[in-house]
Amino acid sequence: MATYDLAIVGGGVGGSALATVMAREGYSVLLLEQSETYVDRVRGEWIAPWGVAETRRLGLYDLLRLVGGHHVTRHVTFDESRDPSDAEARTLPLSIFADGVPGPLCLGHPLHCQTLLDAARDAGAEVRRGVQVTSVVAGEKPRLTFEHDGQNFEVGARLLVGADGRASQVREAAGVTLHQDKPHHWFAGLLVESADGWDQDLQAIGTEGDFGFLAFPQGDGRVRIYGGYALGQQHRFKGPDAARQFLDTFAMRCSPMNQHLVAGKPAGPLYSYINADSWTNEPYAPGVVLIGDAAGWNDPIIGLGLSITYRDVRLVSELLKSTDLWNTATLRPYGEERRERMRRLRFAASLQAGLDMEFGEAARERRRLHFERSASDPTLGVHGVAVMAGPEAAPAEFFTEQHRARVLGPLEA
Ligand SMILES: Cc1cc2nc3c(=O)[nH]c(=O)nc-3n(C[C@H](O)[C@H](O)[C@H](O)COP(=O)(O)OP(=O)(O)OC[C@H]3O[C@@H](n4cnc5c(N)ncnc54)[C@H](O)[C@@H]3O)c2cc1C
C-alpha cells in the first residue's frame, strides 16, 4: 500500500492550496479530485482583503494575479431609503483594510481551482482527477480507497485531509458533527458578460422592494451578481427565462448604475442556495483534519468562504510544518482559532442579513434608521470591518447581543 504524508480529498481551492503549500515544503502529497473539469457552480469569486493577505502569506497571490485576479477598489451601498447620490457620496475605499492590499480580489472560481491544482502538480504533489473515493478510515492508521481509470487503489497517509466541501465524505467518516443555523433567505447568483458600462473598480450592494442585490466586477465587462429574496419565494426564478428574469430584477431606482447589468448577457448558470451558517466545534479527529467548507461554512451573504479557507490552509500548514508529531493535540490551536473565527463571522453575517436581506416596511425603516444612526456612530458598522479586515480586527464587544440590539435597533431589541 502506498503511503503519503498527506492524502487530500477534494481539489477545490482549499485542497489544492494546501497540496501546493505542503508539496513545496517537500512533503509527499496525494490530491484526489472527483471532477474531470471545474465548472461554474456560482460561488466563491470574491476574496476579502484579509483573505488576499492570507494568499500572500501562503505564497499564492502572484499566481492568482497572473491568471487574471482582478482587484476591486471601491464600494457603494445603495438603498431604497436614500437617494443614489447620497449613497455614491459615501463610496468607501477598499484599500484601508489590509496593509498593501488594494481591495478584494475577484477571480472566476473554475479558473481559480484549476490554477491551484496545476500549482500543486508543479510543486510535486501526485494529482488524480475523476476519482471516486470509496472508503475513508480515520484513526491511528488513516487510509482510504478510491477508483480511478477503472482501477481500485488503497493508500495510507500520516494525515487525511477533508477538503471535500459542504457534503464532506471525510467529515462523515471521521464522525465530526456539523451544526447548522436556520436558513435566512434565498440567494441566487449569475455571471454576466458585456456589462461594459459597469465601473470595473466598483462593487455595489443594495436593497429595494423584496430584493437585495450584490455586484462584483471580474474585469473585461464581466460581473458576478447575486440577489437575495425571502424564503417563501422558492419558485421566484424558474423556467427557461429564469436568468433573464433574474437580471431584469436588477433594474432598481436606488441604483441607476444597475442598468449596465441589465444590459449585459447571462454567461453561466443561475443557481439558488438557501443561505445559513454551519460550523464544527473540532474540525479534526484522529488521523483527519477538515479545511474549508468541509469544516463548516459561513453564510455567503458576506462572501468569506475563500478567505476562511485560505486562513485554514495557512494555520494547518504552519502547525504541520512545526512538528513531526501529527496528532489531534497538534491541531488543537487550529480548532480553537477556527471556532472563535466562525462564531464572530456567523454573528457578522447575521447582522448583514438582518439589514440587507429582510424586506417590507419594518425592514426598510430599520435600514433607514441604521444609515441615519451610523452616520454619527461608526461603531454601528464594525461588523463590516470584520468582513473586510478579518474577524480578529474588531474588539470582542462587537460580537454580543447588546451590539446586535444597537445595530438592528428597537425593532429587534
Ligand atoms: C452562492 C455562493 C456564493 C459564494 N460566494 C463567495 C464569495 O464571493 N467569496 C467567498 O470567499 N466565498 C464565497 N462562497 C463560498 C466559497 O465558494 C466556498 O467557501 C469555497 O469554495 C470553499 O472551498 P473548498 O475548497 O473548501 O470547497 P469546494 O469549493 O466545495 O471544493 C470541494 C472540492 O472537492 C471535490 N470533492 C467533493 N467531494 C469529493 C470526493 N468525495 N472525492 C474527491 N473530490 C471531492 C469537489 O469536486 C470540489 O472540487 C460562496 C458560496 C455560495 C454557495
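Helix α9 is mostly covered, with 13 of its 18 residues buried. A residue is buried if 20 or more other C-beta atoms lie within 10 Å of its own, exposed if 12 or fewer, and partly exposed in between; C-beta atoms are placed from the backbone. The model is a predicted one: local features need pLDDT of at least 70, side-chain atom pairs count only at pLDDT 80 or more, and totals for chains, interfaces and linings use all residues. Residues are numbered from 1 along each chain as its sequence is written.

Helix α9 covers residues 305-322. From its first C-alpha to its last, α9 reaches 26 Å, close to the 26 Å expected at 1.5 Å a residue. The expected span is 1.5 Å times one less than the number of residues. Helices (H or I, at least four residues) and strands (E, at least two) are DSSP runs, numbered from the N terminus.

Which helices does α9 meet? One of them is α10 (residues 328-356), whose axis comes within 9 Å of that of α9 and crosses at roughly 160 degrees. That makes α9 roughly antiparallel to α10. Axes are lines fitted to C-alpha atoms, for helices over the stretch in contact, and angles run from 0 to 180 degrees between N-to-C directions. Angles under 35 degrees count as roughly parallel, over 145 as roughly antiparallel, 65 to 115 as roughly perpendicular and the rest as oblique.

The crossing of α9 and α10 is right-handed. A crossing is right-handed if the near helix is turned clockwise from the far one by less than a right angle, and left-handed if anticlockwise. On the α9 side, the contact is made by Asp 312, Leu 315, Val 316 and Leu 319. The α10 side includes Leu 331, Tyr 334 and Arg 338. Two residues are in contact if their C-beta atoms, placed from the backbone, lie within 7 Å. By class, the residues of this α9 and α10 contact are 6 nonpolar, 1 polar and 3 charged.

Helix α1 (residues 13-24) also meets α9: their axes come within 9 Å and cross at roughly 30 degrees. α1 and α9 are therefore roughly parallel to each other. Their crossing is right-handed. From α1, the contact residues include Val 13, Ala 17 and Val 21; from α9, they include Leu 306, Tyr 310 and Val 313. Asp 312 and Val 316 of α9 take part here, and in the contact with α10.

Now turn to the loops. Val 42 sits between β2 (29-33) and β3 (46-47). Its phi is near 60 degrees, a positive value in a residue other than glycine. Most residues other than glycine have a negative phi. Is Val 42 buried or exposed? Val 42 is buried, because 21 other C-beta atoms lie within 10 Å.

Ser 194 is not a glycine either, yet has a positive phi of about 60 degrees. Ser 194 lies in the loop between β13 (185-193) and β14 (202-208). With 15 C-beta neighbours inside 10 Å, Ser 194 is partly exposed.

Gly 264 and Ser 194 are 70 residues apart in sequence, but their C-alpha atoms are 4.9 Å apart in space. Gly 264 is in the loop between α8 (259-262) and β17 (265-266). Gly 264 counts as buried, with 23 C-beta neighbours inside 10 Å. Beyond its neighbours within four places in sequence, Gly 264 is in contact with Val 192, Glu 193, Ser 194, Ala 195 and Val 223.

Notes
Nonpolar A, V, L, I, M, F, W, Y, C, P; charged D, E, K, R; others polar.
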